[in-house]
Amino acid sequence: MFSSSKKSPSPSPQGKEGKAKTPSKKGDGSAKKPNYSRPLGLGDSPGEFYKWFKEADKDKDGVVNGNEAVTFFSRSRLPQPTLAKVWALADSKRRGTLELEEFVVAMKLISIAQAGRTINSQVAREINKEQDLSLPQLVGINVSGSFEPAVKPSASPMKSKLGLGTKVNPKMSVKNVNSLQDGLCKLYMKNLKPLEEKFQFPLFHSPVMRPQDFSAKPSVMMLGQYSVGKTSFIKYLLGEQYPSAVIGPEPTTDRFVVVSHSVTAKTMPGNALAVSADKPYAGLTKFGQKFLNKFAGAEMPAELLNSIDIVDTPGVLSGEKQRLERGYEFPEVVRWFAERTDLILLLFDPYKLDISDEFKRVIQALHGFDDKVRIVLNKADQVDSQHLMKVYGALMWSLSRIFRSPEVPRVYTGNFQDSEYVYTEFGDLMDRERKNLIEDLYEIPQSNAARKISEFVKRVRSLKIHCLILSALRDSMPTMFGKESKQQKLVSRLEETFLKVQQKNNLAVGDFPALEPFREHLRSCKIDSFSKLSADKLKAMDDILESEVPALMQKFGNPFG
């Protein structure tokens with residue numbers, strides 16, 4: 001598989017250089033069975049990679065961190081943008097460090113780049129299929145010469161993108177952090193969770209988070225009316241039908257199904273999935289037993305599922321009766337998943353462009369997550385070119401009436417299933433659209449860390465505003481008499497408190513919660529029981545935004561920029 005200009009000594013069965021020990025003579029009590037194991041992450045790759053991994057790992061902690069990678073990878077003499085891409089593709093779990101298996105991927109990508117070939121996510125996915133790769137040429141390792149270490153940027157490029165102000169040399173208050181997700185989890189448990197519980201944040205907004213929510217794999221949710229091809233699309237992506245899936249012309253998927261990776265195909269009922277310690281679905285129990293009976297998990301071996309989970313949903317039907325017969329609030333469940341998924345695909349087909357009342361409520365439930373939404377016009381090959389243009393225009397018109405934005409999301413047009421095109425005029429276009437969508441799905445893990453940071457920052461800002469509002473309401477209450485009438489007045493004139501808090505603290509109006517839902521939740525509370533927000537707690541939230549999160553991004557971001 002690998003070749004080199006110099007013939008390298010074959011690695012020993014132990015994965016180390018050197019000769020194997022001569023077996024002891026018969027009868028020698030000290031004789032031991034030889035160990036033929038190799039390091040788990042090395043696979044069939046050359047033993048040199050394990051030797052280089054140990055050399056790159058200067059602090060001997062079993063991983064190669066950003067600073068170590070800058071020093072070692074720079075020996076390749078590849079330009080900094082190329083090394084940044086190598087790191088991004090190798091650090092697939094976005095932990096800011098490389099274990100042996102990921103280091104091996106990086107070495108192979110460097111070899112490919114040195115050969116003058118382009119490296120991208122598809123090359124990284126198929127890296128183990130590469131044949132006749134040469135060992136990468138590294139100065140001071142297997143070639144002579146000199147090199148200039150790549151310069152590590154002083155700040156993470158994600159900071160300005162997320163709108164975070166930073167302090168000079170930000171430091172983390174949490175210790176023993178081994179990944180960006182782990183750091184966010186520890187920050188939340190230490191500083192935010194106690195405040196959320198104290199100020200009843202889950203009642204007004206979203207439930208308290210668990211460690212599983214931070215470590216959860218990226219996911220994609222499929223939404224659409226019945227028989228638009230959601231389950232068939234999933235079958236096309238995975239190469240085969242997932243366990244318990246049923247495909248047909250009538251409504252067949254009657255439940256929410258989370259499809260994830262496993263070495264064997266199996267299913268798991270919703271009740272078990274909701275209480276699994278390693279799954280982030282405990283929050284779904286609030287929708288009741290009727291929903292959990294319509295919730296399930298399916299596991300199967302598929303390459304794409306190594307990177308993401310897929311959420312299949314029931315087909316949306318028209319009519320008020322369907323909504324009542326579900327036994328749970330379908331749009332609310334969709335919103336719960338939307339908050340936690342990385343991408344939301346809305347599927348249509350040329351014969352189902354009408355948006356029913358329930359589908360409209362579902363799309364409106366996605367408000368606030370518009371950046372995650374993509375449109376898929378499936379089965380587009382079933383109409384000729386003239387009608388396809390009319391269908392596309394009609395779809396854009398229908399969506400523009402629902403999305404609260406001057407622009408509609410990205411639209412993928414094609415036939416996303418294993419079948420020949422009926423009309424082939426736009427065959428090349430549909431092939432490109434199909435390829436683009438699949439590539440976008442595979443690249444989701446690369447943006448997952450940025451999304452988790454973005455969601456975390458939004459939650460901190462929401463919590464800060466929530467605490468300030470409740471604290472201001474508490475300050476407005478009398479100490480002795482007239483509490484009930486004062487509460488009614490504060491609730492009915494809640495917008496005045498919102499404005500007062502916004503002006504006093506110079507906060508963005510767009511960060512405030514929706515007025516009417518907040519008012520309804522407030523009616524069930526006793527305002528005089530609310531706590532006051534202390535100055536040190538307010539400062540702690542500001543420090544998270546200004547110092548803690550930027551420090552995490554600096555430590556676990558791409559060291560090459």
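View 1. Phenylalanine 337 is buried, at a relative accessible area of 3% (buried is under 20% relative accessible area, exposed over 50%, partly exposed in between, with a 1.4 Å probe and protein chains only). Tryptophan 336 counts as buried too, with 5% relative accessibility. This is a predicted model, so local features need pLDDT of at least 70 and side-chain atom pairs count only at pLDDT 80 or more, while totals for chains, interfaces and linings use all residues. Residues are numbered from 1 along each chain as its sequence is written, and side-chain values use heavy atoms, with hydrogens and water left out.

Searching the whole structure turns up 21 aromatic pairs (rings of Phe, Tyr and Trp, the last by its six-membered ring, pair if their centres lie within 6.5 Å; planes under 30 degrees apart are stacked, over 60 edge-to-face, the rest tilted). Tryptophan 336 and phenylalanine 337 make one that is edge-to-face, 5.2 Å centre to centre with 80° between the planes. Both belong to a cluster linked by ring pairs, whose members include Phe256, Tyr281 and Phe330.

**View 2. A tilted pair between strand and helix.** Phenylalanine 348 and phenylalanine 359 form a tilted aromatic pair, with 5.6 Å between centres and 35° between planes. Phenylalanine 348 sits in strand β10 (residues 343-348) and phenylalanine 359 in helix α15 (residues 357-365), so the pair ties together parts 11 residues apart in sequence (helices, H or I with at least four residues, and strands, E with at least two, are DSSP runs numbered from the N terminus). Phenylalanine 348 is buried at 1% relative accessibility, and phenylalanine 359 is buried at 0%.

**View 3. Arginines over rings.** The charged end of arginine 340 sits over the ring of tryptophan 336, 3.9 Å from its centre (the cut-offs are NZ of Lys or CZ of Arg within 6 Å of the ring centre and within 35 degrees of the ring normal). Arginine 125 lies over the face of tyrosine 442, at 3.5 Å from the ring centre.

**View 4. The open sheet.** Here 8 strands line up as β7-β8-β6-β9-β5-β10-β11-β12, with mixed pairing (two strands pair if DSSP finds at least two bridges between them). β7 (266-269) and β12 (411-413) are at the edges with a single partner strand each, so one side of each has no neighbour in the sheet. From one strand to the next, the twist averages 20° (axes are lines fitted to C-alpha atoms, for helices over the stretch in contact, and angles run from 0 to 180 degrees between N-to-C directions). Helix α16 (residues 385-400) lies across β10, β11 (373-377) and β12, at about 150° to β11.

**View 5. Strand β6 and its two partners.** Strand β6 (residues 256-261) runs parallel to strand β8 (residues 295-300), joined by 6 bridges. Serine 260 stands opposite glutamate 299 in β8, and valine 258 is opposite glycine 297. β6 is mostly covered, with 5 of its 6 residues buried.

**View 6. Around glutamine 181.** Glutamine 181 is in helix α7 (residues 180-198) and is buried, with a relative accessible area of 11%. Leaving aside residues up to four places away in sequence, glutamine 181 touches Lys93, Arg94, Phe214, Asn448 and Lys452 (contact means heavy atoms within 4.5 Å).
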